[in-house]
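My notebook is open and the model is up on the screen.

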Amino acid sequence: MPTPLRPGVYAPTMTFFDPNTEELDVASIRRHAVRLAKAGLVGLVTMGSNGEAVHLSREERKTVTRETRSALDEAGFSNVPVISGASENSIRGTIELCKDVAAAGGEYALIVPPSYYRYAVGNDETIYEYFTSVADSSPVPLILYNYPGAVAGIDMDSDLIIRISEHPNVVGTKFTCANTGKLTRVATALGAITPPSPLAPTRAIPTVVKPNAKHPYVAFGGIADFSLQTLISGGSAILAGGANVLPRLCVQIFDLWAEGKLAEAIEAQQRLSAADWVLTKAAIPGTKSAIQSYYGYGGFPRRPLARISEIQAQEVADKIKGAIEVELELKDVA
C-alpha cells in the first residue's frame, strides 16, 4: 500500500539544472526535497508543471523521482510520499508513465486531461474514458489535475470530477482552477479528508460511495494564494508552487487553522498571497531566482525557458522580502 496522503502542505518541486550544461543538478534536487520536508511539508510532487517535466526525457524524469525518494528516506522522512506527474496525450503513453512512476519510487500519479487534439478530446465522455482507462491499468493511484491553463482551457466541472473519482484507483483532485465552489462540491460529495480544527463543521456523510477505494479522498487547493480558502471550503491540503519558496508560511496557515485562530490565519494568508502573486507572475525562472537569492541554490530553467536578468531577480527578491523575513523567523517542524 502507498504511504497515506495526509492533510497539509505539498509542493510541486522544481527541477534543478547545472547552469552551464543544463544537466540535472541531483545534489540540489535532493537538498531541496529535504529542506521542504524539514519545514513541515507532508508530501512532494515531482514532474509537475513546476518541475519542467516537458523538458525532460523519461529517464531524467525517473531520476528526479528516484533521487527525491532516496533523499527523503535517507533524511528520515519515509512518511512523506512522493507523487509524480505522469501526463501524456494517449492512454497507452500515460499508463507507461505511471509504470515509470512506480519503478522510480513514486506512490501516486498526478495527471491532466489530454489536450493536444483539443477539438476531439475536450468533451466529458472522452475525458472520462481517458482517466478511467488509465486508472484501470496504473500500478499507482491517480490524482486528477484540473489546470485549464495548461490544457488548452479544458476545465473539468464538479459533476465530471465526481464521476471519474468513483473509480477506486482515483484518490484525489488538484484544483489549480482555483474554483472554491467546485472544490467544495467535490470534497463534500466524496468525503475528503480534512485537518482537525474547531473552525471546521461537522463532517457530512459523503454522497458518493467508493467500494474498494485505494485511499480516502484528498481535495488539493492548487495555488498558495487560496490556502485558507481551501480549508474553509472543506479541502484537505494545498499543493502549491509557492511552497517551494515559503514552505513554513504555508504550514503556518494550516497550524493556525488547527488551533482555531482564524484572524491570525487570515493575516498569514494575506502575507502569503502578496508574495505568491510575485512568484506567480515571475513564473519558473523567477521562482528559481527567489530560491537562489534566499537559499543559495536554484539556478535557471532549461531552455527554451528564458533566464531572468540580475536586475529582475533582485526585483523578485525585494518584493517578497517581507514574507521571507517571516518565513525565516518560523521554525522547522523537523
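**Entry 1: salt bridges.** I counted the salt bridges and got 15 of them. I keep in mind throughout that this is a predicted model. As a reminder to myself, side chains of opposite charge can pair when their charged atoms come close.

**Entry 2: Arg 303 and Glu 22.** I picked the salt bridge between the side chains of Arg 303 and Glu 22, which is 3.1 Å from N to O.

Next I asked myself: is Glu 22 buried or exposed? Glu 22 has a relative accessible area of 13%, so it counts as buried, the cut-off being under 20%. Arg 303 has a relative accessible area of 64%, so I noted it as exposed, which takes over 50%.

**Entry 3: Arg 58 and Asp 100.** I then turned to Arg 58 and Asp 100, whose side chains meet in a salt bridge of 2.8 Å, N to O. This pair also links distant parts of the chain, 42 residues apart: Arg 58 belongs to helix α2 (residues 58-74) and Asp 100 to helix α3 (residues 91-103). I have Asp 100 down as buried, with a relative accessible area of 11%. Arg 58 is partly exposed at 42%.

**Entry 4: Glu 259 and Lys 261.** For Glu 259 and Lys 261, I read 3.2 Å between the closest N and O atoms of their salt bridge. Glu 259 is partly exposed, at 47% relative accessible area, and Lys 261 is partly exposed too, at 36%. I also looked for salt bridges with shared partners and noted that Arg 30, Glu 67 and Glu 74 are joined into one network.

**Entry 5: the barrel.** How many strands make up the closed barrel? I traced eight, in the order β1-β2-β3-β4-β5-β6-β7-β8, with parallel pairing. Neighbouring strands in this sheet are turned by 25° against each other on average, ignoring direction.

I zoomed in on one pair, β7 (residues 218-221) and β8 (residues 237-239), which run parallel and are joined by two bridges. Phe 220 stands opposite Ala 237 in β8.

**Entry 6: helices over the strands.** I followed helix α6 (residues 158-165), which lies across β5 (142-146) and β6 (170-175) and runs at about 155° to β6. Helix α7 (residues 180-190) lies across β5, β6 and β7, and I noted about 165° between α7 and β7.

**Entry 7: cavities.** I searched for cavities of 30 Å³ or more and found two. The largest cavity has a volume of about 90 Å³.

Which element gives the most to the lining of the largest cavity? My note says α2, with four residues. α2, β3 (82-85) and α3 each supply at least two lining residues. Among the residues lining this cavity are Met 47, Thr 65, Ser 84, Gly 85, Leu 97 and Val 101.

Conventions. Residues are numbered from 1 along each chain as its sequence is written. This is a predicted model: local features need pLDDT of at least 70, side-chain atom pairs count only at pLDDT 80 or more; totals for chains, interfaces and linings use all residues. Side-chain values use heavy atoms; hydrogens and water are left out. A salt bridge is a side-chain nitrogen of Lys or Arg within 4 Å of a carboxyl oxygen of Asp or Glu. Buried means under 20% relative accessible area, exposed over 50%, partly exposed in between (1.4 Å probe, protein chains only). Two strands pair if DSSP finds at least two bridges between them. Axes are lines fitted to C-alpha atoms, for helices over the stretch in contact, and angles run from 0 to 180 degrees between N-to-C directions. Contact means heavy atoms within 4.5 Å. On a 1 Å grid over the protein atoms alone, a cavity is a set of points where a 1.4 Å probe fits but cannot get out, and a pocket is an open set with protein on both sides within 12 Å along at least five of seven lines; lining residues have an atom within 4 Å of a point. Grid points are joined across faces, edges and corners, and a volume is the space filled by probe spheres set on the points.
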